[in-house]
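Subject: Handover of a structure, with findings

Dear colleague,

Please find below the structure that I am handing over to you.

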Amino acid sequence: MRGWQESVTSGEELGEQGQTAARLLIDWDASDALQIKFAANWWQDDSEIPAPLATDLLIQVPTSPVAPVLEDNLEIAEGSLDDNRAADWKCAVGEYHPERDLDYDSLALTVVWDLNDQLTFTSLTSYAQYEDGGYLSAD
């Protein structure tokens, strides 16, 4: 999917989706007394995150020596304030591109073994890992 936001200063697009997921479930009745369940999950998200929307600049102290510098460097493109797609990320984050870098995987194993009419052995084993690579990557 193409980006849905457009930079008011460079014309680049942002907002592409990059999500992938997989799941495996196995439910096995090995015998009347033994049941085994296995689950594996994995997902990855490297989508571009939304950038701040373009907003108008209101200088509170027009006599401040900083005001002309702010006005020159934060000029908003004509007509962008009425467009929900208008945004800018280059001026806020330098040479970086805002995107997710998330990974998750998990494994789970459940074993239920009826040893006799009064005694049941149950084993619950699991593993999970989540990695967050941050939200800014070099272009």
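The notes below begin with the overall layout and then turn to individual residues.

The model is predicted: local features need pLDDT of at least 70 and side-chain atom pairs count only at pLDDT 80 or more, whereas totals for chains, interfaces and linings use all residues. Residues are numbered from 1 along each chain as its sequence is written, and side-chain values use heavy atoms, with hydrogens and water left out.

Overall layout

The protein contains 2 helices and 9 strands. Helices (H or I, at least four residues) and strands (E, at least two) are DSSP runs, numbered from the N terminus. Along the sequence their order is β-β-β-β-α-β-α-β-β-β-β.

Of the 139 residues in the protein, 19% are buried. Here buried means under 20% relative accessible area, exposed means over 50%, and partly exposed lies in between (1.4 Å probe, protein chains only). The protein exposes about 10000 Å², and carbon and sulfur atoms supply 54% of that area. Accessible areas come from the Shrake-Rupley method with a 1.4 Å probe; for residues, only the protein chains shown count as cover.

A contact means heavy atoms within 4.5 Å. Among contacts between residues at least 6 apart in sequence, 66% join residues at least 24 apart.

Ala39 lies in strand β4 and counts as buried because its relative accessibility is 18%. Leaving aside neighbours within four places in sequence, Ala39 is in contact with Leu24, Leu25, Ser106, Leu107 and Ala108. The C-alpha atoms of Ala39 and Ala108 are separated by 5.1 Å, although the two residues are 69 residues apart along the chain.

Ser106 belongs to strand β7 and is buried, with a relative accessible area of 12%. Beyond its neighbours within four places in sequence, Ser106 is in contact with Ala39, Ala40, Asn41, Tyr127 and Ala128.

Leu107 is also placed in strand β7; at 41% relative accessibility, Leu107 counts as partly exposed. With neighbours within four places in sequence set aside, the contacts of Leu107 are Phe38, Ala39, Ala40, Thr125, Ser126 and Tyr127. Leu107 and Gln129 are 22 residues apart in sequence and 9.4 Å apart in space, C-alpha to C-alpha.

Leu109, in strand β7, is partly exposed at 35% relative accessibility. Not counting residues up to four places away in sequence, Leu109 touches Ile36, Lys37, Phe38, Ser123, Leu124 and Thr125.

Thr110 lies in strand β7 and is partly exposed, with a relative accessible area of 25%. Again not counting residues up to four places away in sequence, Thr110 touches Gln35, Ile36, Lys37, Ser123 and Leu124.

The salt bridge

The structure holds 1 salt bridge, that is, a side-chain nitrogen of Lys or Arg within 4 Å of a carboxyl oxygen of Asp or Glu. Asp27 forms this salt bridge with Lys37, and the closest N and O atoms are 3.8 Å apart. The pair links distant parts of the chain, with Asp27 in strand β3 (residues 19-29) and Lys37 in strand β4 (residues 34-45), 10 residues apart. Side chains of opposite charge can pair when their charged atoms come close. Asp27 counts as exposed at 56% relative accessibility, whereas Lys37 is partly exposed at 43%.

Surface patches

Patches are made of residues with over 30% relative accessible area and no salt bridge; like charges are joined within 9 Å, and nonpolar side chains (Val, Leu, Ile, Met, Phe, Trp, Tyr) within 5 Å.

A patch of negative charge on the surface gathers Asp46, Asp101, Glu131 and Asp132. Lys and Arg count as positive and Asp and Glu as negative, while His and the chain ends are not counted. The place of a charge is taken as NZ of Lys, CZ of Arg, CG of Asp or CD of Glu. Asp132 is found in strand β8 (residues 120-132) and is partly exposed, with a relative accessible area of 42%.

Trp113, Leu115, Leu119 and Phe121 form a nonpolar patch on the surface, with about 400 Å² of accessible area together. Trp113 has its place in strand β7 (residues 102-114) and is partly exposed, with a relative accessible area of 43%.

With kind regards
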